[in-house]
Amino acid sequence: MHAPDPFTATQRYYWRIALELKLRKSNSDAFQDFFSTVMGQLHGDDFVRVRPYGSLGDKGCDGYLRSSGQLFQCYGALAGELKQVATLTTKMTDDFSKALKKLAAIMKEWHMVHNIADGLPVEAITMLDELKTSNASLTFGFIGIEGFSDRVFRLKPYQVEALLGPAATDADTTDLDLAALRDLIQHLRHEADSIDFNAQDLRPVPPDKLYYNNLPNYWKHLVSGGWKNAHLIGTYFDRHPDPLTGERIAKLFRDRYGYLKAQHLSPADIMVALYELVTGIGNVPPQKQVAAQSLLAFLFENCDIFERDPSKGTS
């Protein structure tokens with residue numbers, strides 16, 4: 001019989017989004033430090049945190065799990081974006097060579113840990129296969145955002161909260177905090193004032209739009225969970241002293257979506273960027289999470305961010 005899940009569905013999707021934001025903002029040493037903190041909390045003293053000491057270096061090891069002989073090497077890309085494929089593949093070969101030369105006696109597995117959000121290049125996969133072919137006695141692997149998420153959600157809720165900040169509860173989502181919403185709208189109005197504006201009517205969006213855009217399940221949950229408060233967002237805009245506030249913010253999101261799509265980002269990465277546009281950077285308190293969720297749901301449903309299924313028409 002399985003133990004009960006210590007996390008609610010609401011906590012899981014809020015913390016999953018917070019984790020993606022954290023990983024996008026962590027590169028280089030910060031990424032290694034965050035990975036080591038997660039592994040230390042998950043495995044206790046079985047995990048050995050490693051850092052270089054002067055000219056001695058780290059010998060191609062950013063962390064070590066003693067019970068399994070797993071050696072980890074971290075690659076944290078700025079904003080989760082890989083600029084040069086050769087940067088990653090060269091790091092893989094150089095770091096593995098150091099580890100094989102200096103740590104062969106304790107190494108049974110070698111894993112490259114990364115925060116690359118859009119998927120690895122095939123060159124990295126073939127490089128790992130070449131390393132495995134040349135070193136058949138060792139196990140090799142990648143640990144990306146999904147592997148990171150799996151390890152984070154094996155922690156206790158209080159540990160996850162310490163890492164990622166508080167998550168809104170089911171009770172929080174039933175009570176939209178108008179003060180938090182007002183602060184978000186004020187923040188977005190400043191952003192919207194910097195772009196050219198032509199009034200356009202908000203267009204109703206078919207309900208299957210959420211699925212047509214192939215968003216990950218946690219984003220589907222976040223947006224669909226916000227629909228119960230979306231009508232309150234519409235009412236807020238209708239009663240705002242500036243009657244064009246809703247249109248200005250919709251225009252801001254249409255423009256930002258168009259820019260992000262032109263960068264060939266995945267739907268999940270676009271959603272992360274739009275969420276961060278609403279909330280700003282840093283830990284987001286529960287009241288602000290709920291307000292941001294409701295606002296994104298309203299905008300997703302009522303303006304041209306993300307794509308419509310062309311087979312369904314435009315009405």
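Ser294 has a relative accessibility of 0% in this predicted model, and because anything under 20% is classed as buried, Ser294 counts as buried. The residue belongs to helix 13, which spans residues 286-302. Once its neighbours within four places in sequence are set aside, Ser294 is in contact with Leu176, Gly226, Asn229, Ala230 and Ile233.

Five strands make up an open sheet with mixed pairing, and their order is 1-2-3-4-5. Strand 1 (47-49) and strand 5 (139-143) stand at the edges, and because each has a single partner strand, one side of each is left without a neighbour in the sheet. On average, and with direction ignored, neighbouring strands of this sheet are turned by 20° against each other. Strands of a sheet pair through backbone hydrogen bonds, in either a parallel or an antiparallel way. Here strand 2 (residues 63-65) and strand 3 (residues 70-75) pair in the antiparallel sense, over three bridges, and Gly63 stands opposite Phe72 of strand 3.

Helix 2, made of residues 29-43, lies across strand 1, strand 2, strand 3 and strand 4 (109-114), and runs at about 150° to strand 1. Helix 3, made of residues 85-103, packs on the sheet and touches strand 3, strand 4 and strand 5, with a direction that makes about 150° with that of strand 3.

A pair of aromatic rings is described by the distance of the centres and the angle of the planes. Tyr13 and Tyr14 form a tilted pair, with 5.2 Å from centre to centre and 45° between the planes, and both of these residues are buried. Phe35 and Phe72 form an edge-to-face pair, at 5.3 Å centre to centre and 65° between the planes. This pair links distant parts of the chain, for Phe35 lies in helix 2 and Phe72 in strand 3, 37 residues apart. Phe35 is buried, with a relative accessible area of 1%, and Phe72, at 0% relative accessibility, counts as buried too. Both take part in one aromatic cluster, formed by Phe31, Phe34, Phe35, Phe47, Phe72 and Phe148.

Charged side chains also meet aromatic rings in this model. The charged end of Lys22 sits over the ring of Phe34, 5.2 Å from its centre, and Phe34 is one of the residues in the cluster. Arg12 lies over the face of Phe153, at 4.9 Å from the ring centre.

Terms used. Residues are numbered from 1 along each chain as its sequence is written. This is a predicted model: local features need pLDDT of at least 70, side-chain atom pairs count only at pLDDT 80 or more; totals for chains, interfaces and linings use all residues. Side-chain values use heavy atoms; hydrogens and water are left out. Helices (H or I, at least four residues) and strands (E, at least two) are DSSP runs, numbered from the N terminus. Buried means under 20% relative accessible area, exposed over 50%, partly exposed in between (1.4 Å probe, protein chains only). Contact means heavy atoms within 4.5 Å. Two strands pair if DSSP finds at least two bridges between them. Axes are lines fitted to C-alpha atoms, for helices over the stretch in contact, and angles run from 0 to 180 degrees between N-to-C directions. Rings of Phe, Tyr and Trp (its six-membered ring) pair if their centres lie within 6.5 Å; planes under 30 degrees apart count as stacked, over 60 as edge-to-face and the rest as tilted. A charge sits over a ring if NZ of Lys or CZ of Arg is within 6 Å of the ring centre and within 35 degrees of the ring normal.
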